[in-house]
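Reader: I would like a close look at a single part of this model. Please keep it brisk and tie each point to the residues involved.

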Amino acid sequence: MNTPESDLCQIDRLSPRERRQSAILDAAESLFLEQGYERTSLAEIVKRSGGSLATLYELFGNKQGLLHAIATRWCEEAMLRSLDEGADGELSSVETLKAYAHRQSELMESPRAVALMRMLISESLRDREFALQIYRDLHVPALDELGELFAEWAATGRAEIDDPQAAARLFFDIVVGDSMLNTLMGVEEEWLDRDQIDWRLQPFISHFRIG
């Protein structure tokens with residue numbers, strides 16, 4: 001697989017420590033997806049990434065720390081930047097919200113995202129502290145980002161949202177809630193298409209008078 005030129009430029013700017021960290025994360029994610037989190041050993045990760053077990057422990061602490069770092073990197077790469085597209089003001093509030101909903105659904109239905117979510121849930125059921133850490137570090141920032149946008153819309157008259165954080169939670173439930181649950185449980189593989197998402201969002205848009 002060829003590495004995009006922009007990614008190569010990013011790699012060139014990394015320090016040796018950052019490159020080592022990235023190599024370990026790449027190896028760990030590949031192995032977790034190939035053979036499962038539980039069945040992957042730290043020794044296998046080190047063998048594929050190079051370096052040493054001591055470096056892995058220094059950077060990530062343990063295998064659980066690796067899983068957390070992989071999930072955090074995925075969120076930073078994909079989810080938390082997905083509101084930027086409507087930030088220039090060219091889209092209306094409704095268009096911005098629908099575009100954001102479509103991107104969230106596309107991101108969450110990817111095989112990579114589903115596999116990571118299954119690993120995170122499995123480990124969270126085993127370790128409550130890990131579950132709380134994942135919730136604080138991954139889910140809360142996404143809620144806060146959308147909540148801040150809703151608060152801005154309310155302050156500038158673009159919407160009538162009395163509780164931006166509650167509205168952000170409701171939005172995520174509408175867009176990915178049951179589809180993600182069904183996929184994780186293996187009940188169905190079908191996700192909502194764009195028309196279905198727009199239909200679900202219509203009562204949300206009308207209730208909060210998003211213009």
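Leaving aside its neighbours within four places in sequence, which residues is Arg 209 in contact with?

Author: A caution before the details: this is a predicted model. Now to the residue itself. Beyond four places in sequence, Arg 209 is in contact with Arg 158, Ala 159 and Glu 160. With Glu 160 there is also a polar contact: the two side chains are joined at 3.4 Å.

Next, the setting. Arg 209 sits in the segment that comes after helix H10, which covers 194-207. The relative accessibility of Arg 209 is 55%, and the cut-off for exposed is over 50%, so Arg 209 counts as exposed. The backbone deserves a look too. Arg 209 is not a glycine, yet its phi is positive, at about 50 degrees. Val 94 is 115 residues away along the chain, but its C-alpha atom is 9.8 Å from that of Arg 209.

For contrast, take Thr 40. Thr 40 is placed in the loop between H2 and helix H3 (42-49). Its relative accessible area is 2%, and buried means under 20%, so Thr 40 is buried. A polar atom of the Thr 40 side chain lies 3.4 Å from the backbone oxygen of Leu 31. Leu 31 is also among the contacts of Thr 40 beyond four places in sequence, together with Phe 32, Gln 35, Ile 45 and Lys 63.

That leads back to helix H2. H2 runs over residues 16-35. Its 20 residues, at 1.5 Å a residue, should span 28 Å, and the end C-alpha atoms are 28 Å apart, so the two values agree. Several H2 residues are buried, including Ile 24, Leu 25, Ala 28, Leu 31 and Phe 32. In an α-helix there are 3.6 residues a turn, so residues three or four places apart point the same way. After H2 comes Gly 36, with a positive phi near 100 degrees.

Last, confidence. The average pLDDT of the protein is 86, and 86% of the residues score at least 70. Helix H3 has the highest confidence, at 96. Confidence is lowest in helix H1 (residues 5-12), where the mean is 49. Over residues 1-8, pLDDT stays under 50, and the model has one contact beyond four places in sequence for them. Where pLDDT is low, the predicted coordinates should not be read in detail.

Key
Residues numbered from 1 in each chain as written. Predicted model: local features only at pLDDT ≥ 70, side-chain atom pairs only at ≥ 80, totals over all residues. Heavy atoms only, no water. Helix = DSSP H or I, 4+ residues; strand = E, 2+ residues; numbered from the N terminus. Buried < 20%, exposed > 50% of the residue type's maximum accessible area, 1.4 Å probe, protein only. Contact = heavy atoms within 4.5 Å. Polar contact = N/O pair within 3.5 Å; in protein donor to acceptor, adjacent residues only side chain to side chain. Expected span 1.5 Å × (residues − 1). pLDDT = per-residue confidence, 0-100.
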